[in-house]
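Here is a short report on charged side chains and how they pair. Look at the structure first, then read on.

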Amino acid sequence: MTWKSYKRRYIQRHHPIVCELCNSYRLIDFHHIIPTAVNPALQFEDSNIIPLCRTHHFIYGHRSNWSDFNPYVREDIQKMKHFTFQNL
């Protein structure tokens with residue numbers, strides 16, 4: 001399987017694709033929670049993918065450093081959603 005074919009199938013299964021934090025439809029990246037360089041076996045695992053807008057991909061997926069990764073990105077996103085909605 002190629003990344004392109006996997007991504008197409010992912011979109012079909014999970015349509016609509018929005019940022020997990022802000023629900024934006026714009027500039028969605030498919031963030032690997034555990035990078036393929038760290039564990040190639042997880043490249044095509046849905047549980048290892050989280051759709052994020054480009055901004056949240058950088059801030060939460062990579063902790064504002066493209067060389068870093070955040071294995072707790074799902075938990076951090078849930079905390080931010082809770083914090084954001086509690087403070088409206």
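Start with Arg54. Its relative accessibility is 41%, so Arg54 counts as partly exposed. This comes from a predicted model.

Arg54 has a partner. Its side chain meets that of Asp29 in a salt bridge, with 2.7 Å from N to O. Is Asp29 buried or exposed? Asp29 has a relative accessible area of 11%. The cut-off for buried is under 20%, so Asp29 is buried.

## Arg13 and Asp46

Now turn to another pair. Arg13 forms a salt bridge with Asp46, and their closest N and O atoms are 2.8 Å apart. This pair also links distant parts of the chain, 33 residues apart. Arg13 is in helix H1 (residues 3-14). Asp46 is in the loop between strand S1 (28-32) and strand S2 (49-53).

Both partners are partly exposed. Arg13 has 41% relative accessibility. Asp46 has a relative accessible area of 26%.

## Asp68 and Arg63

Which residue does Asp68 meet in a salt bridge? The partner is Arg63, at 3.2 Å from N to O. Asp68 is partly exposed at 27% relative accessibility. Arg63 is partly exposed too, with a relative accessible area of 43%.

## The whole count

How many salt bridges does a search of the whole structure find? The search finds three. Side chains of opposite charge can pair when their charged atoms come close.

Definitions and conventions: Residues numbered from 1 in each chain as written. Predicted model: local features only at pLDDT ≥ 70, side-chain atom pairs only at ≥ 80, totals over all residues. Heavy atoms only, no water. Salt bridge = Lys/Arg side-chain N within 4 Å of Asp/Glu carboxyl O. Helix = DSSP H or I, 4+ residues; strand = E, 2+ residues; numbered from the N terminus. Buried < 20%, exposed > 50% of the residue type's maximum accessible area, 1.4 Å probe, protein only.
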